[in-house]
Amino acid sequence: MLTKYVRRDIRREGLKNLKRRYYLNILIVFVVSVILNGGYRLSTKRFEMPIDSTLSTAKSVVENNGNIENLEDLEKLENLEEIGDLEKIENLGNTNISSTMGLDSDLSNSQIILKFILNVFDVKDPPNPESVSTTSAKYYGGVASVFVNEITGSQSFVFGIINGINEVVFNGRVASSVIIFVFAVISVFIFVFVKNVIIVGKNRYFLEQRRYHETGPGELLFPYKNKRLKNISKIMLIRYLFQLLWDLTIVGGIIKRYEYLLIPYIVAENPEIDLKDAFKISKQLMMGNKYRAFLIDFSFLPWFLLSYLTFNLSALFFSDAYIECVRAEVYMRIRNERKNELELSLRKWLNDDMLAIDHIEETQHPSGVEVLDIPTVDIHSFKHDYMRKYSFLSLVQLFFTYSLVGWIWEVALYLATTGQFVNRGTMHGPWLPIYGCGGMLIIILLRPFREKPGQLFVGTVLVCGGVEYFTSWILEKLFDAKWWDYTGYFLNVNGRICFEGLLVFGMAGLAFSYILSPMLDDMYNKVNEKYRRIICIILMILFVADFIWSMLSPNIGDGITSGLI
């Protein structure tokens, strides 16, 4: 049991464990804090705004706006200040402040997020791409820019899902909802498979470092070793959801918080443990120890207060790591004392006795040599022969297929964004030759790299990026117009290419080389060669006619060379 003397001994042992690997322990806690919180807080912030601050802020807002309505508000503020009505002063000040920040009551959630992002990056309004130089452009376009902007602070994936439903069902903003849902899905993935499971990796490190001098930071990746991620993420997610529901009862939430306290440590000891058994073991081990564990946490209160007074620096350089060392010691003390009280079916899971040795080892724990569970794809297992050489007829058919697919993609994207059907591209027909040219270059030029997917991906990015860049430049010089502009997108080059576009090209290149092109070629080869030739001749004649027509009268207008997305 965690008696008074045992608790005191645990704290002493935790302090010794911290000092033994001080710098690495501090680094581990820092890294985990960055992952869990989206950034380490080096200072504490209070969300309450003092009355004096509210009054001065509201006054400055009113004076800067300067319209009649705001001047009347300024008079109200002065009158309220004289009579000392602090509540009305605060309400009136907050009203002006909210309006100034763009948090108007008639704005949707996505509009509020957009205005907040623009304020963070000091962009008053999204400017016309043609009027903004690339060097000064801010990230306000594309999905990647939203992700980059959002990860600068902690986000709620639950809010993302709710807001996405709000946009689709009530506001009909398809484009906004798509972006919000994309970010919500990414947030859920990061939460379930990164943030939640990194806690287990952190616990594994502190369990090992208390007895092994050479325990390395690689133990943070313990959940990703030897196909353990699926089970660990499942257990940690269920624990989180159960705790969330119990927290609604307040008292039950506190009790369950200590009942579930040891689950991340139990999983860190044996990541193959069954879900139900993990909960049972934690419940039985903590029976009679929940209040005593609370007392240990309560003893950390002075450290929390010191952290607040030192702008979190004391926590960064001492108390956070110290608390982790103490909690790891708590688990091992309870485990060693009560393991034999468990029934045999539960006791078998606590089988890493190397963690429970009573002396310090100078060697690294054997778990440190395990390989990461990184999924790989065997390209040789693909059904179709990806190393084939394509005939001339196949190349023609693939060119028009990819040109058509590119046209459908561009039209669908604009339709989803604006709700309008527009014939995208430089030509009048249902094809975008830039996609067809990119596909042909991947098939012909990059054939030597097909046995090496990584090199093929890089080659595709370079080839397709070069085609897109120089096509944009040539079109602008010939017609003095732009058919696309990525100004404002994350990592764009002169508005002609951007990061997320190149990323899509790279992934599409892999799909073209290993799956789509071989599959389509097998399908086309089943057609009689005579009919294939006729189809190719007709397509080429139509394409040449459209090309001549487009040179004389290019496809321009709203949504094509203006109002770019």
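## Helix packing and salt bridges

Helix 19 crosses helix 20 in a right-handed manner. This is a predicted model, so let's start with that pair of helices. Helix 19 spans residues 433-445 and helix 20 spans residues 453-479; they pack at an angle of about 150 degrees, with axes 10 Å apart.

Now to the charged side chains. Side chains of opposite charge can pair when their charged atoms come close. The structure holds 22 salt bridges, and the table shows some of them.

| Salt bridge | N to O distance |
|---|---|
| Arg257 and Asp247 | 3.1 Å |
| Glu329 and Arg333 | 3.3 Å |
| Arg388 and Asp522 | 2.7 Å |

Arg388 counts as buried because its relative accessibility is 13%, under the 20% cut-off.

Glu329 and Arg333 both lie in helix 16, four residues apart, or about one turn of the helix. Is Glu329 buried or exposed? Glu329 is buried, at 1% relative accessibility, whereas Arg333 is partly exposed at 24%. These two residues also join Asp9 and Arg210 in a network of salt bridges.

Finally, Arg257 in helix 11 and Asp247 in helix 10 are ten residues apart. Arg257 is partly exposed at 42%, and Asp247 is partly exposed at 30%.

Note on methods:
Residues numbered from 1 in each chain as written. Predicted model: local features only at pLDDT ≥ 70, side-chain atom pairs only at ≥ 80, totals over all residues. Heavy atoms only, no water. Axes fitted to C-alpha atoms, helices over the stretch in contact; angles between N-to-C directions. Helix = DSSP H or I, 4+ residues; strand = E, 2+ residues; numbered from the N terminus. Left-handed = near helix turned anticlockwise from the far one by under 90°. Salt bridge = Lys/Arg side-chain N within 4 Å of Asp/Glu carboxyl O. Buried < 20%, exposed > 50% of the residue type's maximum accessible area, 1.4 Å probe, protein only.
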